[in-house]
Amino acid sequence: YDALLPNGYYKPYYIQDINSISYTQGAWSLPNDVTTTFGDEAHTIIINQNGSSIGGSLYGGANSSGTVFANVKINLNGGTISGDAFGGGLGDETYVSGSIEVNINGIESPTTDVYGGSAYGFIGYSDESDAAKTNPRTTKVNLNSGSVNDVYGGSMGSAAIMPLVNTYCVVTVNGGSASSVYGGSNINAETTYRSVVNINGG
């Protein structure tokens with residue numbers, strides 16, 4: 001099964017701690033934010049991984065299909081992830097409308113790839129209107145400490161699915177270690193705005 005948050009209204013700061021829990025049979029992800037409307041990005045969903053063991057992957061967005069009308073912040077403070085970590089959701093029918101920030105703060109998971117975006121889903125504004133261009137969303141990945149495999153500012157696609165990352169992508173390395181660091185996406189994904197990589201340490 002998948003370990004999911006309960007459906008319902010997300011408070012302005014919805015904080016979910018994953019503390020010393022083992023999800024051995026599936027991924028961890030958010031459900032559809034069914035009660036919020038587009039543009040209400042005053043909501044921020046905060047996910048803290050504090051020493052848990054996740055047998056699949058970690059997603060800041062919905063599973064399979066669904067929309068999160070909010071900003072997402074993920075703090076990887078400890079524990080391990082057998083799969084990968086994504087700021088967005090899993091599936092080409094998932095959507096995160098706000099900005100995303102993923103902080104790698106000590107997790108020791110050297111086979112895990114970390115993405116600011118999603119696995120096949122949509123991130124950011126739903127169009128390329130003037131409003132979107134003057135106030136774009138951002139996906140950020142900050143490697144502060146710990147060990148992971150590859151780091152991507154954008155999303156992961158496939159030969160059949162090309163997800164759109166309609167945000168700026170910023171990757172900052174302050175410490176820790178990674179095999180490779182990419183400002184953009186992996187495989188077949190489109191990034192609308194500029195990608196930036198900052199190497200300050202590590």
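Mentor: A residue is called buried when its relative accessible area is under 20%, exposed when that area is over 50%, and partly exposed in between. Please keep in mind throughout that this is a predicted model.

Trainee: What is the phi of Ser64, and how should I read it?

Mentor: As a general idea, most residues other than glycine have a negative phi. In this model Ser64 has a positive phi of about 80°, although it is not a glycine. Tyr120 also has a positive phi, near 80°, in a residue other than glycine, and it is found in the loop between strand S12 (114–115) and strand S13 (122–124). With a relative accessible area of 25%, Tyr120 is partly exposed.

Trainee: Is Thr167 buried or exposed?

Mentor: Thr167 has a relative accessible area of 0%, so it is buried, since that value is under 20%. It lies in strand S16, residues 164–173, and, leaving aside its neighbours within four places in sequence, Thr167 is in contact with residues including Ile123, Arg137, Thr139 and Tyr193.

Trainee: Which residues touch the most other members of the largest nonpolar core?

Mentor: That core has 24 residues, and Leu76, Ile104 and Val114 touch the most other members. At least two residues of this core come from each of the strands S5 (44–54), S8 (71–81), S11 (100–108), S14 (137–147) and S16. Another core, of six residues, lies apart from it, and among its members are Tyr59, Phe86, Ala119 and Tyr152.

Trainee: Which residues is Val114 in contact with, leaving aside its neighbours within four places in sequence?

Mentor: Val114 is in contact with Leu76, Ala85, Val102, Ile104, Val141, Val148, Asp150, Val151 and Tyr152, once those neighbours are left aside.

Trainee: How many helices and strands does the protein chain have, and what do the totals look like?

Mentor: The secondary structure comes to one helix and 19 strands, and buried residues make up 54% of the 202 residues in the chain. Among contacts with a separation of 6 or more, 85% are accounted for by residues 24 or more positions apart. The accessible surface comes to about 8,100 Å², of which 47% belongs to carbon and sulfur atoms.

Note on methods. Residues are numbered from 1 along each chain as its sequence is written. This is a predicted model: local features need pLDDT of at least 70, side-chain atom pairs count only at pLDDT 80 or more; totals for chains, interfaces and linings use all residues. Side-chain values use heavy atoms; hydrogens and water are left out. Helices (H or I, at least four residues) and strands (E, at least two) are DSSP runs, numbered from the N terminus. Buried means under 20% relative accessible area, exposed over 50%, partly exposed in between (1.4 Å probe, protein chains only). Contact means heavy atoms within 4.5 Å. Accessible areas come from the Shrake-Rupley method with a 1.4 Å probe; for residues, only the protein chains shown count as cover. A nonpolar core is a set of buried Ala, Val, Leu, Ile, Met, Phe, Trp, Tyr and Cys residues joined through side-chain atoms within 4.5 Å.
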